[in-house]
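Here is a short briefing to read alongside the model. Please keep the viewer open and follow the topics in turn.

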Amino acid sequence: MRLRTHYRRFAKLLSLAIITVQGFALYTQATLPDQYYVAAGETLTIQSTLPITSTNSSDSMPVEAYAAPGNSYNVDLKLPYGVEIKQVQVQVVDREMVIPGGNPFGIKMFTEGVMVVGMSDIASGGDSSNPAREAGVKVGDIILSMNGQPVLTNEDVGAVVSSCGGRAVEVQLERAGESMTYQLNPVRSDDGVYRAGIWVRDSSAGIGTMTYYNPTTNVFAGLGHAICDVDTGNIMPLHSGEIVGVKITGVHRGASGAPGELRGSFSGEKVGELLINSQEGIFGLGVKPLRLAQAIPLGLKYEVQEGPASILCTLDDGETQEYAISVEKVNIIENNPTKNMVIRVTDPQLLAKTGGIVQGMSGSPILQNGKLIGAVTHVFVNDPTRGYGIFAENMAKMSKNIETKQN
């Protein structure tokens with residue numbers, strides 16, 4: 001009887017262990033990417049708290065046989081005791097050499113069309129109405145043309161509406177990537193001018209930090225996140241833009257609940273052309289760092305480890321300096337292109353000056369083990385010593401679009 005009881009307990013514990021391992025395997029399977037990029041001559045190593053191993057599954061040939069850039073092979077990811085997670089593809093690439101930034105720059109950009117950022121009712125003859133809302137226009141829409149005429153500025157919209165003479169205006173716009181057309185009927189306000197009841201924005205300006213410059217292609221990357229409209233939070237569609245010199249004039253120290261910022265002024269001269277505004281950052285041509293920095297390897301996401309690292313940034317002393325941080329968490333989930341790391345500022349000098357991460361430091365390059373592994377993107381509002389970082393690999397993938405156009 002006692003032996004049977006022990007056997008049942010053992011069976012239950014074994015079943016629980018099997019279920020736990022299977023759960024770990026399913027979770028890991030869902031979170032790990034299906035494809036990895038590996039630098040030529042190196043092999044894939046999964047940085048994880050779990051003991052994950054990788055074995056070549058393509059054929060009997062060793063991994064070294066696929067070491068040339070452009071080749072690809074498959075590997076099986078497993079947990080201890082041969083528990084299979086999944087098979088992933090490994091793409092062999094050249095190790096990209098880039099010059100780390102850390103220098104601030106000014107950003108001037110104009111949108112593709114104009115963005116609807118607000119609405120207001122129009123008073124007319126004792127009544128009030130909103131023609132744009134009644135037509136179906138929404139905040140966040142991108143108006144591309146009115147009555148067949150392209151609109152690029154706030155003045156373009158005002159000119160079409162005010163000259164409509166009471167006739168309907170055909171509005172072509174884009175919403176969440178989908179084209180739409182509406183008939184808008186402006187009303188004559190009490191001041192005698194025809195109005196549509198919308199507020200639009202056609203441009204943006206600000207300060208950010210360069211992440212890296214590729215001396216081979218003349219392509220730069222910065223911010224690590226998109227330039228978004230301050231009212232809607234939507235990514236502003238880029239029509240044209242430029243990068244200008246900037247001088248940091250002061251630092252507003254951050255505190256819990258009140259993020260700080262770098263204060264600066266544009267110096268006027270154009271130093272680069274802005275070509276892409278995406279969730280992975282801004283990209284363009286030019287903006288070579290002023291300091292004499294050496295090119296270093298661009299790290300791939302499988303190489304990023306929890307532990308000591310550093311960032312490069314420029315404060316009001318005007319010099320780019322390196323400050324100590326710690327990578328507290330690494331997240332390589334495929335559907336999370338920007339919040340790939342949680343970082344914490346540990347450098348006493350930077351903490352004393354800024355309180356941690358402040359606005360304007362977005363794009364500050366993150367260095368680890370002699371490689372550029374990412375960029376600072378966001379600060380935690382309630383803890384300015386901590387924030388998010390993006391993988392440099394994700395930024396490099398987006399910059400390839402410029403290189404493809406050049407070629």
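A residue is called buried when its relative accessible area is under 20%, exposed when it is over 50%, and partly exposed in between (1.4 Å probe, protein chains only). Residues are numbered from 1 along each chain as its sequence is written, and side-chain values use heavy atoms, with hydrogens and water left out.

**Overall picture**

- The chain holds five helices and 26 strands; helices (H or I, at least four residues) and strands (E, at least two) are DSSP runs, numbered from the N terminus.
- Taking a contact as heavy atoms within 4.5 Å, residues 24 or more positions apart make up 68% of the contacts in the chain with a separation of 6 or more.
- The accessible surface of the chain is about 19900 Å², and 51% of it belongs to carbon and sulfur atoms; the areas come from the Shrake-Rupley method with a 1.4 Å probe, and for residues only the protein chains shown count as cover.

**Confidence**

- pLDDT is the predictor's confidence in each residue, from 0 to 100; its mean over the chain is 83, and 85% of the residues reach 70 or more.
- Confidence is lowest in H1, at a mean of 58, and highest in S24, at 96.
- Where pLDDT is low, the predicted coordinates should not be read in detail.

**The barrel**

- Six strands close into a barrel in the order S21-S22-S23-S26-S25-S24, with antiparallel pairing; two strands pair if DSSP finds at least two bridges between them.
- From one strand to the next, the twist averages 45 degrees, with axes as lines fitted to C-alpha atoms (for helices over the stretch in contact) and angles running from 0 to 180 degrees between N-to-C directions.

**The open sheet**

- Four strands form an open sheet in the order S1-S4-S3-S2, with mixed pairing.
- S1 and S2 (53-56) are at the edges with a single partner strand each, so one side of each has no neighbour in the sheet.
- S2 is joined to S3 (residues 72-79) by four bridges in the antiparallel sense; valine 75 in S3 is the bridge partner of asparagine 56.

- S15 and S16 form a hairpin with four residues between them, and asparagine 218 in the turn has a positive phi of about 70 degrees.
- Four bridges join antiparallel S15 and S16, with asparagine 214 opposite valine 219.
- S16 is also joined by four bridges to S19 (residues 281-286), again antiparallel; here alanine 221 stands opposite phenylalanine 283.

**Buried spots elsewhere**

- Helix H3 (residues 154-162) has Val157, Val160 and Val161 as its buried residues.
- Seen down the axis of H3, these fall within an arc of 95 degrees, so they line one face of the helix; the arc is that of the directions from the helix axis to the C-beta atoms.
- Among the strands covering them are S6 (104-119) and S15 (198-214).
- Proline 33 lies in the loop between H1 (2-31) and S1 (35-39), and counts as buried at 0% relative accessibility.
- The C-alpha atoms of proline 33 and isoleucine 332 are 7.1 Å apart, although the two are 299 residues apart along the chain.

How values were computed
Predicted model: local features only at pLDDT ≥ 70, side-chain atom pairs only at ≥ 80, totals over all residues.
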